[in-house]
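Subject: Structure handover

Hello,

Here is the structure we spoke about, with notes on what was found in it. Please read the notes with the model open beside them.

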Amino acid sequence: MRISSALCMASVLAPAAAQEGSPLSREIVAGVREPLPVVLSTDCGTEIDDQWAVIYLTISPEVRMLGYIGNHAANGLSGAKARDTVLDALENRLGAREHAPVLAGADGPIAAFDEPNDNEAVRFLVEQSRAFTPQNRLNVLVIGSHTDVASAILIDPSITQRIRVVMMGFDDWPGGGDPWNVKNDPAAARVVFASGVPLVVGCGEVAKRHLSFTTEEAEALLRDTGPTGRWLAECFAQFGGRFEVAGRRIWPIWDVITVAYLLGYTRDAVHHRPRIEDGLGFDHSAPQGQLTWVEWVDEGHLWPDFAAKLRAWSPR
Ligand SMILES: [Ca+2]
């Protein structure tokens, strides 16, 4: 897990092109539903995948971005650095002149199960949530640690009636385990699990199975999508991490599993909600409600949708 975005070249403009519709976008165009309100909590700058999620959400007409929160990670990433990396993706790489607020969240984990890390991003999240209801929830996408969403829950427990959390984390079902997002603040993840807030989990195993590319595959997807897509492909090529799977050298775009769920490109199952053990495995002996687990991603339609939106994007 290393920071690589700073090595990549800047980009500014992307050409317009015809845009294909996702299942959700067709519903929105048909007036069946409104764009989905989203606040993103991200450790952008940890790796290369958060930038894909930031950009995909921002260019999707199915989504109404209300804010972006940068949060800490174990490689020394601070809330402010994550915020600045989001701003770089939005303003320098995507060329967005107007965008939702981008705030710095916590610089480290919560100190205890009942001690929030109070900061401007947490207050922002609580305030944004006030416009929502149990029937019309704000989607909080968590693609870093849980510190800021857990702190919001601790400061105002009633927020669990106004948001749902869609997170990337854990290795797999039913084992649990986690190498990064949950590990970076296990107490915060336990707060979220215990709070009863509606919860969707996209795990590492499913992301690896459905959202992985070789360098050549990423290049092929993005080469004709304009400067933003070419920058993402360049970052992917420069990033050092690769798994060897069946003779292919691949790396997953982990965090996009949350965007895939939001846009309707996944299948999922409802399970009981386990407790998180000290070693981050799942304890199934005393469930605390339910959760939704993403089991499959329709990458055959997801990635063309992303590429079409990049081609259609005009900086604004
Ligand atoms: Ca991330």
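What percentage of the 316 residues in the chain is buried? Buried residues make up 51% of them. Please keep in mind throughout that this is a predicted model.

Overall form

The chain has eleven helices and 13 strands. Its C-alpha trace spans about 50 × 45 × 35 Å along the principal axes. A compact globule of 316 residues would have a radius of gyration near 20 Å, and the chain, at 18 Å, agrees with that. Of the contacts between residues at least 6 apart in sequence, 79% join residues at least 24 apart.

The eight-stranded sheet

Eight strands make up an open sheet with mixed pairing, in the order β3-β2-β1-β4-β5-β6-β13-β10. Its edge strands are β3 and β10, each of which pairs on one side only. On average, neighbouring strands here are turned by 25° against each other, direction ignored.

As a general point, strands of a sheet pair through backbone hydrogen bonds, either parallel or antiparallel. Both senses can be found in this sheet, as its pairing is mixed.

- β4 (residues 138–143) and β5 (residues 163–168) run parallel and are joined by five bridges; L141 stands opposite V166 in β5.
- β6 (residues 199–202) and β13 (residues 290–297) are also parallel, over two bridges; the bridge partner of V201 is W293 in β13.
- β10 (residues 266–272) runs antiparallel to β13, with seven bridges between them; V270 stands opposite T292 in β13.

Helices on the sheet

Helix α2 lies across β1, β2 and β4, and runs at about 160° to β1. Helix α10 (residues 256–263) packs on the sheet as well, touching β1, β2, β4, β5, β6, β10 and β13. The direction of α10 makes about 135° with that of β5.

Helix α3

Helix α3 covers residues 79–93. At 1.5 Å a residue, its 15 residues should span 21 Å, and the end C-alpha atoms are 20 Å apart, which agrees. The buried residues in α3 are G79, K81, A82, R83, T85, V86, A89, L90 and R93. An α-helix has 3.6 residues a turn, so residues three or four places apart point the same way.

What covers the buried residues of α3? The cover includes strands β1 (36–42), β2 (63–70) and β3 (102–104). It also includes helices α2 (49–59), α4 (120–129) and α9 (227–238). Just after α3, G95 takes a positive phi of about 80°.

The three-stranded sheet

A further open sheet has three strands in the order β7-β9-β8, with antiparallel pairing. β7 (212–213) and β8 (243–245) stand at the edges with a single partner strand each, so one side of each has no neighbour in the sheet. Two bridges join β7 to β9 (residues 248–252), and these strands run antiparallel. In that pair, S212 stands opposite P252 in β9.

Regards

Conventions. Residues numbered from 1 in each chain as written. Predicted model: local features only at pLDDT ≥ 70, side-chain atom pairs only at ≥ 80, totals over all residues. Pairing = 2+ DSSP bridges. Helix = DSSP H or I, 4+ residues; strand = E, 2+ residues; numbered from the N terminus. Rg over C-alpha atoms; globule rule 2.2 N^0.38 Å. Buried ≥ 20, exposed ≤ 12 C-beta atoms within 10 Å, placed from the backbone. Contact = placed C-beta atoms within 7 Å. Expected span 1.5 Å × (residues − 1). Axes fitted to C-alpha atoms, helices over the stretch in contact; angles between N-to-C directions.
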